[in-house]
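Below are my notes on the model you sent, as numbered points. They take the sheets in turn, then the ligand site and the helix.

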Amino acid sequence: MNVKIIPFQQHGDSRGQLIAIEEKINVPFEFKRVYFMYETKKNVRRGLHAHKKLKQILFCVHGSCKVHLDDGMEQREVLLDKPYYGLLIEGLVWREMYDFSEDAVLMVIASDFYDESDYIRDYNEFLKEVSVKNAKEK
Ligand code: T46
């Protein structure tokens, strides 16, 4: 699956911690957008889509949440509960974020601007895209 947990370097000292996020240095792509979500209600599932081209890194910079990942062949659950862990998602991967703690702030670094035409919001359409991609790669 085209996903990876990246441990970002913590620049800690007696005052506390600091994380730096740098294009093409510790983020393996050029980025154009940062967004974050907070005050997510209990039992809410967000996401429920895949992206055609977008690359992203998800950080739960406060609190915790889980991410369900599915590339059409394999499924995985990831717990984000440390601000220094970035979840890199590239390629055709269905994602759902859930189990947000009350204080969760999920921040995302994205390779491109917001573009609704890059979203696949229907799971069956996603599976079709996966099989087209697999057929092309054979
Ligand atoms: C993703 C997961 C991890 C904008 O206007 N600009 C933006 O950059 C974004 C991300 C959203 N929006 C608007 C579109 C919707 O009206 O904000 C509203 C909520 O967006 P959405 O329902 O797509 O949010 P999530 O949490 O389901 O998904 C988001 C990202 O959209 C998506 O790319 O991978 O977080």
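1. Two strands count as paired here if DSSP finds at least two bridges between them. The model is a predicted one. By that criterion β1 and β7 (residues 85-89) are a pair, as five bridges join them in the antiparallel sense. Within this pair, Lys4 stands opposite Leu88 of β7.

2. β1 and β7 belong to an open sheet of five strands, in the order β1-β7-β4-β9-β2, with antiparallel pairing. The edges are taken by β1 (3-7) and β2 (33-38); each has a single partner strand, so one side of each lacks a neighbour in the sheet. From one strand to the next, the twist averages 25°.

3. A second open sheet of five strands runs in the order β6-β5-β8-β3-β10, and its pairing is also antiparallel. Its edge strands, β6 (75-80) and β10 (119-120), each pair on one side only. As a reminder for both sheets, strands of a sheet pair through backbone hydrogen bonds, either parallel or antiparallel.

4. Which strands make up the hairpin with four residues between them? They are β5 and β6, and in this hairpin Gly72 takes a positive phi near 90°. The strands themselves, β5 (residues 65-70) and β6, run antiparallel and are joined by six bridges. Val67 has Val78 in β6 as its bridge partner.

5. Arg46 stands opposite Met97 in β8. Arg46 also belongs to the ligand site, where one of its polar side-chain atoms lies 2.7 Å from an oxygen atom of the ligand.

6. For Gln56, a polar side-chain atom lies 2.6 Å from an oxygen atom of the ligand; for His49, the corresponding distance is 3.2 Å. On its own the ligand has 650 Å² of accessible area, of which the protein covers 67%.

7. How many residues are around the ligand, and which come nearest? There are 13, and the nearest are Arg33, Arg46, His51, Gln56 and Tyr119. By class, the shell has five nonpolar, four polar and four charged residues.

8. Which strand gives the most to the shell around the ligand? It is β3, with four residues. Three strands each supply at least two residues of the shell: β2, β3 (46-51) and β8 (94-98).

9. At the start of α1, a side-chain oxygen of Asp122 comes to within 3.2 Å of the backbone nitrogen of Asn124. For reading side-chain directions along a helix, recall that an α-helix has 3.6 residues a turn, so residues three or four places apart point the same way.

Conventions:
Residues numbered from 1 in each chain as written. Predicted model: local features only at pLDDT ≥ 70, side-chain atom pairs only at ≥ 80, totals over all residues. Heavy atoms only, no water. Axes fitted to C-alpha atoms, helices over the stretch in contact; angles between N-to-C directions. Near = heavy atom within 4 Å. Polar contact = N/O pair within 3.5 Å; in protein donor to acceptor, adjacent residues only side chain to side chain. Areas by Shrake-Rupley, 256 points an atom, 1.4 Å probe, with all protein chains shown as cover. Nonpolar A, V, L, I, M, F, W, Y, C, P; charged D, E, K, R; others polar.
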